[in-house]
Amino acid sequence: MGTVKTAVLPATVGGLTEWPDPLLIVLVGPPGAGKSTFAALFPTPMVLNLDTFREWVSDDPHDQQATPDAVAVERAILHGRLRRGLPCLIDSTNVDAAVRRDLIDQARGYGAPVVAVAFDVPLDECLRRSRGRARQVDDEVIRLKHAQLLDSLPRLPLEGFAAVYTIPCGERIGSDAHHPGAGAT
Ligand SMILES: Nc1ncnc2c1ncn2[C@@H]1O[C@H](COP(=O)(O)OP(=O)(O)OP(=O)(O)O)[C@@H](O)[C@H]1O
Ligand SMILES: [Mg+2]
């Protein structure tokens, strides 16, 4: 039994009551899909987010030139935690099959099952959610990543994940899930 328990899981993935350690959770979705909102349900140390690591190494979470250093930080934490039998959650878009393949390969080295959580949110809703927050992502980037998501959805069950869960659009997740008026429309 690990640190990820039903208490922190939304109903959509409530079937995951007995997750083994170590475990790697890979979120899959374009910007604005709600990945980080979902990730916030999990214990902070297990959530790996490249924006955070870019900021740590460069003071700017969106400095793309800092990405190689940020990836190195992510890798170090990923390996350190999996080696200790601790769970990790990758809070990145992961809409590229090669990126997912690499994550699965790395987890396999520690005997860690890898679970995909895909955010099946329509493009218009991703654009709307993205525009509604302080950090703006270029619409074209969202369009591109969303197209990659649509390509990815049917492939995920064939890629070697121990389980694939889909968060449908409109699913109420996060700490404000019970707040009237909060969430998707
Ligand atoms: N289920 C939901 N219903 C309605 N709004 C949501 C939902 N989930 C997240 N949001 C809102 O959508 C916006 C984008 O969410 P979030 O930042 O979690 O996306 P993200 O997938 O992490 O994007 P990025 O890849 O750019 O980091 C936020 O303002 C968040 O509050
Ligand atoms: Mg995010």
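**Entry 1: the core**

I started with the largest nonpolar core: it holds 34 residues, and Leu24, Val26, Leu27, Val28 and Leu89 touch the most other members. I took a nonpolar core as a set of buried Ala, Val, Leu, Ile, Met, Phe, Trp, Tyr and Cys residues joined through C-beta atoms within 7 Å. Two or more residues each come from E1, helix H1 (35-39), E2, H3, E3, H4, E4 and helix H6 (139-152). E4 gives the largest share, 6 residues. I called a residue buried if 20 or more other C-beta atoms lie within 10 Å of its own, exposed if 12 or fewer, and partly exposed in between, with C-beta atoms placed from the backbone. Nonpolar side chains tend to be buried together in soluble globular proteins.

I note that this is a predicted model, in which local features need pLDDT of at least 70 and side-chain atom pairs count only at pLDDT 80 or more, while totals for chains, interfaces and linings use all residues. Residues are numbered from 1 along each chain as its sequence is written, and chains are lettered from A and ligands numbered from 1 in the order in which they are written.

**Entry 2: the chain overall**

I counted 6 helices and 5 strands, in the sequence pattern β-α-β-α-α-β-α-β-α-α-β. Helices (H or I, at least four residues) and strands (E, at least two) are DSSP runs numbered from the N terminus. Of the 185 residues, 33% count as buried.

**Entry 3: the sheet and E1**

I looked up the strand order: an open sheet of 5 strands runs E2-E3-E1-E4-E5, with parallel pairing. The edge strands are E2 and E5 (163-168), each pairing on one side only. Pairing requires at least two DSSP bridges between two strands.

Strand E1 (residues 24-28) has 5 of its 5 residues buried. Leu24, Val26 and Val28 point one way, Ile25 and Leu27 the other. In a regular strand the side chains alternate between the two faces of the sheet. E1 is joined to E3 (residues 88-90) by 3 bridges and to E4 (residues 114-120) by 5. Leu24 has Cys88 as its bridge partner in E3, Val26 stands opposite Ile90 in E3, and Leu27 stands opposite Val117 in E4.

I then listed contacts of Leu24, leaving out residues up to four places away in sequence: Leu82, Cys88, Leu103, Ala107, Ala112 and Val114. A contact means C-beta atoms, placed from the backbone, within 7 Å.

**Entry 4: helix H3**

I checked the length of H3 (residues 67-83). Its 17 residues should span 24 Å at 1.5 Å a residue, and its end C-alpha atoms are 24 Å apart, which agrees; the expected span is 1.5 Å times one less than the number of residues. Ala70, Glu74, Leu78, Arg81 and Leu82 are buried. These residues lie on the same side of H3 because they cover an arc of only 95° around the axis, taken from the directions from the helix axis to the C-beta atoms. On the other side, Pro68, Ala72, Ala76, Gly80 and Arg83 are exposed. The buried residues of H3 pack against E1, E2 (47-48), helix H2 (50-58), E3 and H4. Just after H3, Gly85 has a positive phi of about 75°.

**Entry 5: Arg101**

I found Arg101 in helix H4 (residues 97-108). Arg101 counts as exposed because it has 12 C-beta neighbours inside 10 Å. The C-alpha atoms of Arg101 and Phe161 are 9.6 Å apart, although 60 residues separate the two along the chain.

Key: Contact = placed C-beta atoms within 7 Å.
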